[in-house]
Amino acid sequence: MHFSLGLGLNLFYETGGMFGMSNCIRSCRMIPMYRGSYRMRIYERENFMGQIYELTDDCDSITDLYHMSHCQSCHVMDGHWLFYEQPHYRGRMWYFKPGEYSSFSNMGGMRFMSMRHIMDSWY
């Protein structure tokens, strides 16, 4: 299970209890502070194929906004992003830093349905 916490957030309160199914933290990652623009491209299929959409802001549902059932690859050009398996920023999440991600199939079968950029105001 993944959680994203900003400065001053209480893990017990924010998650509604004892971390869901686990009672400990096994790893933690610092996300570098970033204050530039945010830009990425999402692709309908693996290897940057199919329909392409460029995002510069949060997307709470790729189905509603772009009529895509899910995306299978992306290119993060600017900023740091969180991808969620369900619309409206719910479910498991993955962190993406700038780079090319040609296939999500090696991520445990995750199907990403919403994305949001990590803003400096979270620090």
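Trainee: Which strands form the open sheet, and in what order?

Mentor: Start with the terms: helices (H or I, at least four residues) and strands (E, at least two) are DSSP runs, numbered from the N terminus. Two strands pair if DSSP finds at least two bridges between them. Here 3 strands make up an open sheet, ordered 5-4-7, with antiparallel pairing. Strand 5 and strand 7 (114-117) are the edge strands, each with a single partner strand, so one side of each has no neighbour in the sheet. On average, neighbouring strands of this sheet are turned by 25° against each other, direction ignored; the axes are lines fitted to C-alpha atoms, for helices over the stretch in contact, and angles run from 0 to 180 degrees between N-to-C directions.

Trainee: Before we go on, what should I know about the model itself?

Mentor: It is a predicted model, where local features need pLDDT of at least 70 and side-chain atom pairs count only at pLDDT 80 or more, while totals for chains, interfaces and linings use all residues. Residues are numbered from 1 along each chain as its sequence is written, and side-chain values use heavy atoms, with hydrogens and water left out.

Trainee: How many bridges join strand 4 to strand 7?

Mentor: The two strands run antiparallel and are joined by 4 bridges.

Trainee: What is the overall make-up of the chain?

Mentor: The protein chain has 2 helices and 7 strands, and from the N terminus the elements follow the order α-β-β-α-β-β-β-β-β. For contacts, the criterion is heavy atoms within 4.5 Å. Of the contacts in the protein chain with a separation of 6 or more, 64% are between residues 24 or more positions apart.

Trainee: How does strand 1 pair with strand 2 and strand 3?

Mentor: Strand 1 and strand 3 are antiparallel over 5 bridges, and I42 stands opposite C74 in strand 3. Strand 1 and strand 2 also pair in the antiparallel sense, over 5 bridges, with Y43 opposite I52 in strand 2. As a general idea, side chains in a regular strand alternate between the two faces of the sheet.

Trainee: Is N47 buried, exposed or partly exposed?

Mentor: The cut-offs are these: buried means under 20% relative accessible area, exposed over 50%, partly exposed in between (1.4 Å probe, protein chains only). N47 has 48% relative accessibility, so N47 counts as partly exposed. Across the protein chain, buried residues make up 33% of the 123 residues.

Trainee: Which residues have the most contacts inside the largest nonpolar core?

Mentor: A nonpolar core is a set of buried Ala, Val, Leu, Ile, Met, Phe, Trp, Tyr and Cys residues joined through side-chain atoms within 4.5 Å. The largest one has 20 residues, and those with the most contacts inside it are I42, C71, F83, F96, F104, F112 and M115. The elements giving two or more residues to this core are strand 1 (39-45), helix 2 (62-66), strand 3 (73-78) and strand 4 (81-86). Apart from this core lies another, of 6 residues, including L82, Y84, Y89 and M93. Leaving out residues up to four places away in sequence, F112 touches I62, H70, C71, F83, Y84, E85, W94, F96, F104 and M107.

Trainee: Where does S61 lie, and what does its side chain reach?

Mentor: S61 is in the loop between strand 2 and helix 2, and at 2% relative accessibility S61 counts as buried. The side chain of S61 reaches the backbone nitrogen of D64 at 3.2 Å. Not counting residues up to four places away in sequence, S61 touches P87, M113 and S114.

Technical notes
Polar contact = N/O pair within 3.5 Å; in protein donor to acceptor, adjacent residues only side chain to side chain.
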